[in-house]
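Colleague: I have a model open and want to learn how to read it. Can we go through it feature by feature?

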Amino acid sequence: MIMEMDPEVTGKRTFAGVEDSVMPKALSVDRLRRLYGDTVAVDGISFDVGQGEIVGLLGPNGAGKTTIINMILGVLEPTSGTIRIEDADIAVSRVQALERTNFAAVYAPLPGNLTVYQNLRVFGLLYGVEELPERIEALLGQFDLKRLRHARCGVLSSGEQTRVSLAKAMLNRPRLLLLDEPTASLDPAVASDIRTRIHEFVTRDRAGVLWTSHNMHEVTDVCDRVLFLSHGRILIEGAPGTLPRAHGMETLEDLFIAVAREPLALKRT
Amino acid sequence: MAPFHRTAAIVLRQFYLMRGSPVRVLPIFAWVAVDIVLWGFITRYLNSVASPGFDFVPVLLGAILLWDFFTRVMHGVSMAFLEDVWSHNFLNLFASPLSIREYVGGLVLTGIATSALGLLTMVILATTVFGLSFFVYGLMLAPFLLVLFLFGIALGIFASALVLRFGPASEWIVWPIPAFLSPFAAVFYPVATLPGWMQRVSSLLPPSYVFEGMRAIVAGGAYRGTTLLFGACLAVLYILLASWCFTRIHRHAVRTGLLARYSAESAS
């Protein structure tokens with residue numbers, strides 16, 4: 001299958017010979033809402049992530065990004081709305097939905113008292129990975145972790161821990177991959193390396209990715225489409241290459257700052 | 001993939017932890033060994049000063065052995081849970097396809113393995129050093145252990161649920177629960193010794209039926225199996241209640257955001 005990429009124009013990748021309309025979305029979020037008491041954390045948002053598409057979820061601290069990710073992962077119940085991973089509604093078919101999902105987040109490191117191999121084996125069993133030893137070996141090679149297989153995760157550097165988390169996140173070849181600031185606190189070389197590996201995974205497995213980051217250069221580099229969140233709402237969305245100019249800004253970073261400072265001046269487009 | 005692969009993952013994680021860390025294995029043997037040695041010498045002393053004919057070994061040392069077994073079962077389940085608290089692993093676990101039943105099943109299997117090791121240590125010490133013979137209890141020994149085992153599991157699940165509800169700072173709750181219960185469970189004295197209100201509490205505790213039965217058998221009297229069966233049914237009921245409690249608290253944690261905050265601050 002040949003992949004045609006032109007995110008500047010379409011904002012997403014499509015696969016030659018496959019009608020986009022017949023492919024189930026990797027993620028479909030419909031009128032998702034989350035309240036904490038009287039505080040609205042997520043305010044009735046709807047969006048989707050297509051197969052083979054990388055969508056950036058952007059916004060200032062407290063915009064609701066992590067709340068959305070927690071709801072998609074089933075560890076936080078929405079006040080209302082639905083979340084479907086392919087054809088599985090997480091509220092109804094939690095196991096089926098989560099078997100197709102995985103995630104990596106800087107605030108959810110793997111247990112530091114287990115080795116790299118042990119963690120991958122335990123999580124491989126949790127996700128029901130077939131031919132687990134072979135899959136672990138492949139990921140150890142892919143993420144350059146072979147020499148660290150017997151090292152405890154707690155003693156690894158930030159970059160190494162991120163690579164292990166990503167290896168775990170790809171164990172079950174997820175249809176939906178959630179990445180919450182996967183390159184935070186990494187040096188530029190390691191971050192670039194990580195981005196390349198995620199790109200390879202998406203290209204090969206045609207997974208949908210929801211990616212949060214505060215690094216706008218990174219977002220421009222990897223995302224096919226971005227959603228700007230503010231106060232739990234999607235203010236604007238579009239291709240990162242064209243969106244800034246459409247709103248009179250030079251760069252995505254300028255647009256981010258505008259969203260953070262004057263969200264009311266922007267409306268969803 | 002085998003049908004119990006997710007439960008196996010929970011057990012495997014605990015196995016890796018113990019294999020890689022002798023300090024985790026030591027308490028399985030150390031405390032029970034200390035108790036058996038201490039109470040072994042106390043019973044030996046009591047036998048030397050008490051009137052001849054009464055043997056304290058099967059009464060006191062047997063009671064200690066059974067009570068320690070119950071404590072090990074409970075702590076085995078709770079410790080496995082606390083390992084996930086300490087390593088901030090809830091988000092990784094509960095964002096996976098793992099169900100609560102599979103998770104609790106894994107904790108219980110871990111508790112079985114660790115308590116079996118503790119029991120083996122106690123039995124070897126008590127029989128070889130202090131001459132405790134399990135033939136004294138006859139065939140009732142197996143149901144005695146079963147009732148204590150079931151109640152230990154129930155309390156282990158319940159204590160874990162409390163920590164899930166009240167957060168990591170509440171882990172201290174786990175440790176003294178057996179000590180709080182021991183006066184009511186009539187480990188060392190007959191239930192009849194207790195005042196009326198304590199006897200009523202005692203009747204709700206499955207271990208009290210075990211220790212009453214143990215003393216009756218050692219004294220040469222009969223002990224009705226149906227009475228112990230009632231204790232076993234109570235223990236099973238408590239397992240069901242504790243599992244229900246854990247599930248409800250997990251559900252509450254998902255609904256309120258408590259579970260997400262165990263590992264990450266949910267933006268609001």
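Colleague: Is the crossing in which α4(A) passes α1(B) left-handed or right-handed?

Modeller: Left-handed. A crossing is left-handed if the near helix is turned anticlockwise from the far one by less than a right angle, and right-handed if clockwise. Helices (H or I, at least four residues) and strands (E, at least two) are DSSP runs, numbered from the N terminus. This is a predicted model: local features need pLDDT of at least 70, side-chain atom pairs count only at pLDDT 80 or more, and totals for chains, interfaces and linings use all residues. Residues are numbered from 1 along each chain as its sequence is written, with chains lettered from A and ligands numbered from 1 in the order in which they are written.

Colleague: At what angle do α4(A) and α1(B) pack?

Modeller: Axes are lines fitted to C-alpha atoms, for helices over the stretch in contact, and angles run from 0 to 180 degrees between N-to-C directions. Here the angle is about 160 degrees, and the axes are 7 Å apart. That makes the two helices roughly antiparallel (over 145 degrees; under 35 counts as roughly parallel).

Colleague: Which residues of α4(A) meet α1(B)?

Modeller: Contact means C-beta atoms, placed from the backbone, within 7 Å. From α4(A) come A:Q118, A:R121, A:V122, A:L125 and A:L126. Their partners in α1(B) include B:L12 and B:Y16. The contact has seven nonpolar, two polar and three charged residues. Ala, Val, Leu, Ile, Met, Phe, Trp, Tyr, Cys and Pro count as nonpolar, Asp, Glu, Lys and Arg as charged, and the others, Gly among them, as polar.

Colleague: How many residues of chain A are in contact with chain B?

Modeller: 36, against 29 residues of chain B. α4(A) gives the most to the chain A side, with five residues. That side has 19 nonpolar, twelve polar and five charged residues.

Colleague: How do α2(B) and α5(B) cross?

Modeller: Their axes come within 9 Å and cross at roughly 30 degrees. The two helices are therefore roughly parallel. This crossing is right-handed. Among the residues that meet are B:F29 in α2(B) and B:M122 in α5(B). The contact has ten nonpolar, four polar and no charged residues.

Colleague: What is the strand order in the open sheet of chain A?

Modeller: Strands of a sheet pair through backbone hydrogen bonds, either parallel or antiparallel. Pairing needs at least two DSSP bridges. The order is β4-β3-β6-β7, with antiparallel pairing. β4 and β7 are the edge strands. β3(A) and β6(A) pair over five bridges. One bridge joins A:L27 to A:I85. α2(A) packs on the sheet, touching β3, β4 and β6 of chain A.

Definitions and conventions:
Two residues are in contact if their C-beta atoms, placed from the backbone, lie within 7 Å. Angles under 35 degrees count as roughly parallel, over 145 as roughly antiparallel, 65 to 115 as roughly perpendicular and the rest as oblique.
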